[in-house]
Amino acid sequence: MAQQTLEYLSQDQVDLFYRDGYIKIPGFLSKDEADSLLARSKQLLDQFDPENHPLTKFTTSDHDHVGDEYFLESGDKIRYFLEEDAVGADGRLTRDKTKAINKIGHGLHLLDSVFRKVTLENEKLRSVVKDLRFHHDPVALQSMVIFKQPEIGGAVPEHNDSTFLYTSPPTALGFWIPLERCTPSNGALSFLPGSHLTAPITKRFVRLARGGTGFESVLTPDSPKPDTVSERNYILELCEPGEYLVLIHGSVLHKSERNTSFRTRYAYTFHMIDSPPYAKYDEKNWLQPTQSMPFPKVLDAPLKDTISATAS
Ligand SMILES: O=C(O)CCC(=O)C(=O)O
């Protein structure tokens, strides 16, 4: 492929992304933009009405996932998901509502003007997408604020995003923006660099025919052997609010630990996938586009040459 003219990223940044499977882009948001996302996140928390909530819990662990309608139909809505430890045996919140929410999702990028501006109405973001050439014709399919509440903010176990947003071939790409300081004790993200090249997608998160959700194997006899590396040299990425936009390859392994501190750790994240004919997104995925709200395209026109989302 001929060397392209880059609009925002440097060639070193693009190369680093494809080498490590993630990259931190410094200074992507202005302080005002980061502050407005944080302020809007707090407003949304204040608007939460616990009395009219099914008290849904969310976890990315390997156990059967929450599969209720409140979760499954949240793609084109702004819905609130609670920390597991924030609900008592009596089904009532064990703490103030603003300290009980694990995340808000999954249609912020479409429905909320503050998040929409940073996600879909952002020329800089389009330039990053074009420079990366990970997708031909990307769509933004989900967005969320992740809260990591003090003392109870649950760990997000090791995973890759293409397991949860599966296309054939895998094309998920994550965008993650810290809205508050991320420290070793409040659940900063950590990554296994290069794992997108060695750890195949082995399973996908699906809607089950009997209702609810679960995991299904995507291994075939031709699949590369699962990663057998026993030593996991995870890199912990500490950061200040709004300091970075982190781009996360859909196959790179990453995780975050429980928030054991007294401080919150808010982050805004959204994901893109490629669209047909470059990638197939099927009806097994938990998140489904609706007629009134299809997944929005990110670029005005598809890109011709891509480096490839499917390098792993
Ligand atoms: O924000 C976090 O702690 C986890 C985020 C993450 O793993 C993801 O968005 O895939």
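This is a predicted model: local features need pLDDT of at least 70, side-chain atom pairs count only at pLDDT 80 or more; totals for chains, interfaces and linings use all residues.
**Aromatic pairs and the ligand shell**

F28, by contrast, has a relative accessibility of 1% and counts as buried.

The structure holds 17 aromatic pairs. In one of them, the ring centres of Y8 and F28 lie 5.7 Å apart with the planes at 85°, and the pair is therefore edge-to-face, as the angle is over 60 degrees. This pair links distant parts of the chain, given that Y8 belongs to the segment before α1 (11–20) and F28 to the loop between β1 (22–26) and α2 (31–47), 20 residues apart. The face of F28 also has K124 lying over it, at 5.3 Å from the ring centre. Elsewhere, Y70, F71, F81 and W286 form one aromatic cluster, and the charged end of K103 sits over the ring of F81, 5.3 Å from its centre.

The ligand is surrounded by I146, K148, V156, H159, D161, W176, L189, H254, S256, R265, T269 and H271, a shell that comprises 4 nonpolar, 5 polar and 3 charged residues. At least two residues of this shell are supplied by each of β5 (156–159), β12 (254–256) and β13 (267–273). Oxygen atoms of the ligand lie 2.8 Å from a polar side-chain atom of D161, 3.0 Å from an N or O atom in the side chain of H254, and 2.7 Å from an N or O atom in the side chain of S256. Of the 300 Å² of accessible area that the ligand has on its own, the protein covers 96%.

How values were computed. Residues are numbered from 1 along each chain as its sequence is written. Side-chain values use heavy atoms; hydrogens and water are left out. Rings of Phe, Tyr and Trp (its six-membered ring) pair if their centres lie within 6.5 Å; planes under 30 degrees apart count as stacked, over 60 as edge-to-face and the rest as tilted. Helices (H or I, at least four residues) and strands (E, at least two) are DSSP runs, numbered from the N terminus. Buried means under 20% relative accessible area, exposed over 50%, partly exposed in between (1.4 Å probe, protein chains only). A charge sits over a ring if NZ of Lys or CZ of Arg is within 6 Å of the ring centre and within 35 degrees of the ring normal. A residue is near a molecule or strand if one of its heavy atoms lies within 4 Å of it. A polar contact is a pair of N or O atoms within 3.5 Å; within protein, one must be able to donate a hydrogen and the other to accept it, and residues adjacent in sequence count only if both atoms are side-chain atoms. Accessible areas come from the Shrake-Rupley method with a 1.4 Å probe; for residues, only the protein chains shown count as cover. Ala, Val, Leu, Ile, Met, Phe, Trp, Tyr, Cys and Pro count as nonpolar, Asp, Glu, Lys and Arg as charged, and the others, Gly among them, as polar.
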